[in-house]
Amino acid sequence: MYSLRTLAFASAVAASALFSTADAHAEAKTITLCWAAWDPANALVELSKDFTAKTGTSVKFELVPWPNFADRMLNELNSKGQLCDLMIGDSQWIGGSAENGHYVKLNDFFDKEGIKMSDFLPATVEGYATWPKGTENYWALPAMGDAVGWTYRKDWFARPAIQAEFKAKYGRDLAPPKTLTELKQTAEFFQGREIDGKKIYGASIYTERGSEGITMGVTNALYPFGFQYQDPAKPYAMEGFVNSPEAVAGLEFYKSLFKCCTPPGASNSYMQEGLDAFKSGQVAMQMNFFAFFPGLYKDPNVGGDKIGFFVNPGEKTVGSQLGGQGISVVSYSQNRNEALAYIKWFADPEIQKRWWALGGYSCHKAVLGDPNFPNTAPFAADFLTAMGQVRDFWQEPSYAQLLQAMQRRVHDYVVADQGTAKQALDLLIQDWTKVFKEDDKI
């Protein structure tokens, strides 16, 4: 989910740019693709030059910074605007966009062009393309696979003196944590430590309240402890699941990690703040989406041999928060045929291989299923593992209200010290129940 999403990410990409080949025909059309302004969009701009060369259709990009992305694009959809022919929208938008007629249903087109959803990773089809869930109604093509993972200062972990001290204290080798318990121990070990004359801290985690940040963070503790959104046998029945003892333990863990092991002033942190903390050498570990890992690996100060990656640790079970998006044809587009042609082009396995090579995250099995894929990047194997254990937030049409409620309840408990974890989750059930009753779901 990115919703996936609200981030002050400095991007060199302009809000819109026109790309066309030198020999484009005067009569050729231009389509506009709307997405967020971040590194993967830069890769897609480059990749799309191939589409223009092959079809003569130019591709214009409307790229909006993450802090404004959801408001800008949802307003565009709700107003039935014609700015966007294609939209790479957050996973949470699928339900509302399908039910409100914002996206073109793609089943007939997929059948006609031989595009098979079975060629894409199941979690991405479920998360980015389908509504209602559990059906084969497709409103998008999986475009940008993503999940929350972790980076760590591999060079610090490797120092013999630090290794010896850690083993003497915890009785195990200092290594990327396999459980959340080990994660907290490692963060505590580094918290307040001086390295190379600088005081450093244990971890950067998501705590932002205004959009979706703390929800995208806390779920990475809730899922491994056993949290469930609803009774698997009875949709929208949340009592005993959202507020189960396991869910309470997960929320308590996240608060303890925030209190013990984060940098000063980290009460409203999300993606960009995590990147800043890690790049500046402030933290030993950082929670963030895999989408940023290629750029971090190339960073001259903390990348290369200095950085390592690991999947979100388990505890009682495993689970990582889904990020990423699908690409949809906007139903109000006046260039539907050209937009559909772009979908067909993008679905080609060879294009998907180039998408991964340029820094995008392909969801296609031709890429992810290649035996050599884990060797193509230092984070590739962890990405595969994460995508095999992802879960997502509600994708209901009323997801915005559901998200606002969770943001408020968990932030009040984790950051503002209001009440207990059980009380926070009980209140969350009350909030969500009200939304679902208004939607005639219960």
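Here are some questions and answers about this predicted model.

Trainee: Happy to start with the domains. Which residues make up domain 2?

Mentor: Good place to begin. Domain 1 takes in two stretches, 30–147 and 323–391. The other domain, domain 2, covers residues 148–321.

Trainee: How much area do domain 1 and domain 2 bury between them?

Mentor: The size of an interface is often given as the accessible area lost when the parts come together. The contact here takes 18 residues from domain 1 and 23 residues from domain 2. Of the area they bury, 62% is on carbon and sulfur atoms, and the total is about 1,800 Å².

Trainee: Which three residues supply 39% of the area that domain 1 buries against domain 2?

Mentor: No other three residues of domain 1 supply more. They are Phe379, Gln389 and Arg391.

Trainee: And which element gives the largest share of the side of domain 1 that touches domain 2?

Mentor: The elements that give two or more residues to that side are α1, β5, α16 and β12. With four residues, the largest share comes from α16.

Trainee: How many salt bridges and how many polar contact pairs lie between domain 1 and domain 2?

Mentor: Let's take the two counts in turn. For salt bridges between domain 1 and domain 2, the count is zero. For residue pairs in polar contact across that interface, it is eight.

Trainee: Is glutamine 286 buried or exposed?

Mentor: Glutamine 286 sits in strand β9, and its side chain makes a polar contact of 2.8 Å with that of threonine 151. The glutamine 286 side chain also reaches the backbone nitrogen of leucine 275 at 3.2 Å. Residues count as buried under 20% relative accessible area. Because glutamine 286 has 0% relative accessibility, it counts as buried.

Trainee: Which residue pairs with glutamate 113 in a salt bridge?

Mentor: Side chains of opposite charge can pair when their charged atoms come close. Glutamate 113 is in helix α4, and its partner, 231 residues apart, is in helix α13. The closest N and O atoms are 2.9 Å apart, and the partner is lysine 344.

Trainee: Last one: how far apart in sequence are the parts that aspartate 412 and arginine 209 tie together?

Mentor: These two form a salt bridge, with the closest N and O atoms 2.7 Å apart. Aspartate 412 is buried at 13% relative accessible area, whereas arginine 209 counts as partly exposed at 33%. Aspartate 412 lies in helix α17 and arginine 209 in the loop between β8 and α9, so the parts they tie together are 203 residues apart.

Notes: Residues numbered from 1 in each chain as written. Predicted model: local features only at pLDDT ≥ 70, side-chain atom pairs only at ≥ 80, totals over all residues. Heavy atoms only, no water. Domains from an automatic or database assignment. Contact = heavy atoms within 4.5 Å. Buried area = accessible area lost by both parts, 1.4 Å probe. Salt bridge = Lys/Arg side-chain N within 4 Å of Asp/Glu carboxyl O. Polar contact = N/O pair within 3.5 Å; in protein donor to acceptor, adjacent residues only side chain to side chain. Buried < 20%, exposed > 50% of the residue type's maximum accessible area, 1.4 Å probe, protein only.
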